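User: I would like to go through the charged side chains of this protein. Could we take them topic by topic?

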Amino acid sequence: MSHQEAHDVIVIGAGASGLAAATALHAAGRDVVVLEARARVGGRLLSIPTSHPGRALDLGATWFWDGEDRVRTLAARSGIQTFDQHLAGDTMLQETTGVRRLTGNLIDAPSRRFATGAQDLAAALAAALPAGALRLDTPVTAIHPAGQGGLDVLTPAGTLHAGYVVLAVPPALALERIDFDDTLPDDLVRLARATPVWMGAAVKVVAQYPAAFWRQDGLAGAAFSRTGPLQEIHDMSGPDGEPAALFGFAHARTVRPGFEQAATAQLARLFGPGAGAPVALHVQDWSTERWTAPSTVQRLADYSLFGHRLYQRPALDGRLHWATTETATDHAGHIEGALAAGEHAARAILGAPADVNDTAQHVTAPSR
């Protein structure tokens, strides 16, 4: 690429937010390019295939709930099969004094999952973009106002120019990884650096088994623990229990040598000896993902900053728009919030006054 390469909009990040913004802008006639640092789309939507055809296990976002119509509509439109989270059975509680069985499922609420994995939502959005609009392995190193108006976006491969930029990566990560040349307002910088990254300090442990044996024992696959390392556990089996799996959340600070052995030993104490010998164990430590978590991620804890008013208006003379699940005013931290934030950014750009840097015709954003 060369410095002369110019686009109406550059979207930084090919997670759910960035791709939602990009597809809406493309459908409205805008020339859009999506720059993604990873070699894949999805961001915190990460699914791994299994030996069961058409079934996957989620190492990132997992569920959606009633009232989250953007997710439901996208899945239905894309032909992605969804199914109900398994709820039936009792809950296990692990305390320092031992393990207890509690009547009923005291953790899970009615929700839906994706048979082929949540990452397929991102893949479906990416497939709606024209050839060449999505560029993987392209991290952004700097964003600077351009002398002729608009913004220059710097990458290791060169510089691009855009009338508008959608910043679809966690705010704290953006402030750590991208050089803004001291052009952002101080209050916005303080806010972005202090905003937690959803799942950024989480470790997700997925244990796969030949069968969901806990269900035959009348257990829901649900557990919570005051001793850890897994703090809460859920049934992650696919439709009709295949593939069979449990997953648990741990905090990144608990990961140390022997963590995997401690996790499987805990599963065995809660669900019986069979739980201690999974056929596969997947550990996804999001705090070590360089394109998700800043170095400060374990210290960021003020979730009241999600959806802050400063994220709802663009920066840099109306050119820089925020779009991540952390900036959503509703359903923040959910896939629904990510999609809503992307739509918000697209609507704001489509409604901006036209000028010499905006080459495409302004039209109404497409409906969901």
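User: Which residues form a negative surface patch?
Analyst: The negative surface patch is formed by Asp179, Asp181, Asp182, Asp186 and Asp187. Asp and Glu count as negative, and Lys and Arg as positive, while His and the chain ends are not counted. A patch is made of residues with over 30% relative accessible area and no salt bridge, with like charges joined within 9 Å. The place of a charge is taken as CG of Asp, CD of Glu, NZ of Lys or CZ of Arg. This is a predicted model, in which local features need pLDDT of at least 70 and side-chain atom pairs count only at pLDDT 80 or more, while totals for chains, interfaces and linings use all residues. Residues are numbered from 1 along each chain as its sequence is written, and side-chain values use heavy atoms, with hydrogens and water left out.

User: Where is Asp181 found?
Analyst: Asp181 is found in the loop between helix H4 (171–177) and helix H5 (186–194). Helices (H or I, at least four residues) and strands (E, at least two) are DSSP runs, numbered from the N terminus.

User: Why does Asp181 count as partly exposed?
Analyst: Asp181 counts as partly exposed because its relative accessibility is 46%. Buried means under 20% relative accessible area, exposed means over 50%, and partly exposed lies in between (1.4 Å probe, protein chains only).

User: Changing topic, how many salt bridges are there?
Analyst: The count comes to 12 salt bridges. A salt bridge is a side-chain nitrogen of Lys or Arg within 4 Å of a carboxyl oxygen of Asp or Glu.

User: What does Arg38 form a salt bridge with?
Analyst: Arg38 pairs with Glu289, and the closest N and O atoms are 3.1 Å apart. This pair links distant parts of the chain, 251 residues apart: Arg38 is in the loop between strand S2 (32–35) and strand S3 (47–49), and Glu289 in the loop between strand S17 (280–285) and strand S18 (320–322).

User: Is Arg38 buried or exposed?
Analyst: Arg38 counts as buried, at 8% relative accessibility. Glu289 counts as partly exposed, at 22%.

User: And which residue does Asp84 form a salt bridge with?
Analyst: Asp84 forms one with Arg112, where the closest N and O atoms are 2.6 Å apart. Asp84 is in strand S5 (residues 82–84) and Arg112 in strand S8 (residues 112–114), so the pair links distant parts of the chain, 28 residues apart. Asp84 counts as exposed, at 53% relative accessibility, and Arg112 is partly exposed, at 25%.

Key:
Patches are made of residues with over 30% relative accessible area and no salt bridge: like charges are joined within 9 Å, nonpolar side chains (Val, Leu, Ile, Met, Phe, Trp, Tyr) within 5 Å. Accessible areas come from the Shrake-Rupley method with a 1.4 Å probe; for residues, only the protein chains shown count as cover.
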